[in-house]
Amino acid sequence: MDNNSEEKSTGTILISVILASWILGTIIALFKIPDNGDRSWKTIFAVGQFFAGIGLVTTVSELIKRKFLNAVTSAFIVTGGVMVYEALKYRSAGLHEREQIIKAVPFIATLGIPLFCLAIMIHSIAYPKHMRKMCTMPVTGICTEVRMVTRYKDGRKYHRYIPVLEISFNSEPRQIFLNEERSEDSCPMVGQQKQIMIDPNGPENFYDEEHNENTKAIVFGLGTILALSVVMEWVIWNYVVRR
């Protein structure tokens, strides 16, 4: 077993242990922490733990695979952490404060939308730079297959292409999927050679200098959603939470 396989096995075990511990800890907390006759906090607590658990597991997974902290996962951790905090505060709060916490729950839950959009925007910009820094070994591969994907836009059908390269790493053949969808003009043909940069410590990580994903459309789209979600948060805060 090579180092990469051992790392994946260790990572799978670590993620399984974290997930099992998180679920078990949540169940124990729900049964052991007193509720003072009002069990509404348990629902808020369970939802918060769900969000935070997803964020924690996916963060550990990203760190194991790419040694890169995916900003997207932090949105779930932040949202889940705030909900858990409010749930625990609910237990010892007075009637008026409990009503305010219940009103704030929709605000907190939907807070994940702008956080998620912002995190993806940050990740879309930072990730290519990280891969360029990590992938320092040039290799030449041969295109062995081109997979066609059908897409639709404004009612019209068009095709995008995903090339598959075969490279040699440590005298062993490996397949690499250049999984960014490409136009026919920018896609290599079967049998054509193409140079890419790979991570010498993990050849499944690669960077294609000739095909940088255009993040402008992504950032613009997410920025629009972010602006709309901030407006929605403002409406919930002023017309639900503060009423």
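Two strands are taken to pair if DSSP finds at least two bridges between them. Helices (H or I, at least four residues) and strands (E, at least two) are themselves DSSP runs, numbered from the N terminus. The structure is a predicted model, in which local features need pLDDT of at least 70, side-chain atom pairs count only at pLDDT 80 or more, and totals for chains, interfaces and linings use all residues. Residues are numbered from 1 along each chain as its sequence is written, and side-chain values use heavy atoms, with hydrogens and water left out.

The chain holds six helices and five strands. Along the sequence, their order is α-α-α-α-α-β-β-β-β-β-α. The chain has 243 residues, and 36% of them count as buried. Here buried means under 20% relative accessible area, exposed means over 50%, and partly exposed lies in between (1.4 Å probe, protein chains only).

Strand pairing was examined next. Strand 1 (residues 137–153) runs antiparallel to strand 4 (residues 193–199), and six bridges join them. Val 139 faces Ile 196 of strand 4 across this pairing. Strand 1 also pairs with strand 2, again in the antiparallel sense, over 11 bridges. There, Glu 145 stands opposite Val 164 in strand 2. The hairpin of strand 1 and strand 2 has two residues between the strands, and Asp 154 takes a positive phi near 55 degrees in it.

Strand 2 (residues 156–169) in turn pairs with strand 3 (residues 172–177). The sense is antiparallel, with six bridges. Glu 166 is opposite Gln 175 of strand 3. In this hairpin, two residues separate the strands, and Asn 170 has a positive phi near 55 degrees. Strand 2 also contains Arg 160. Arg 160 is partly exposed because its relative accessible area is 23%.

Aromatic contacts were then searched. A pair of aromatic rings is described by the distance of the centres and the angle of the planes. Rings of Phe, Tyr and Trp (its six-membered ring) pair if their centres lie within 6.5 Å; planes under 30 degrees apart count as stacked, over 60 as edge-to-face and the rest as tilted. Phe 50 counts as exposed because its relative accessibility is 53%. Phe 51 also pairs with Phe 76, in a stacked arrangement with 6.3 Å between centres and 20 degrees between planes. This pair links distant parts of the chain: Phe 51 is in helix 2 (residues 40–66) and Phe 76 in helix 3 (residues 71–91), 25 residues apart. Phe 76 is partly exposed, at 22% relative accessible area. Together, Phe 50, Phe 51 and Phe 76 make one aromatic cluster.

A charge sits over a ring if NZ of Lys or CZ of Arg is within 6 Å of the ring centre and within 35 degrees of the ring normal. Arg 91 lies over the face of Trp 41 in this way, 5.9 Å from the ring centre.
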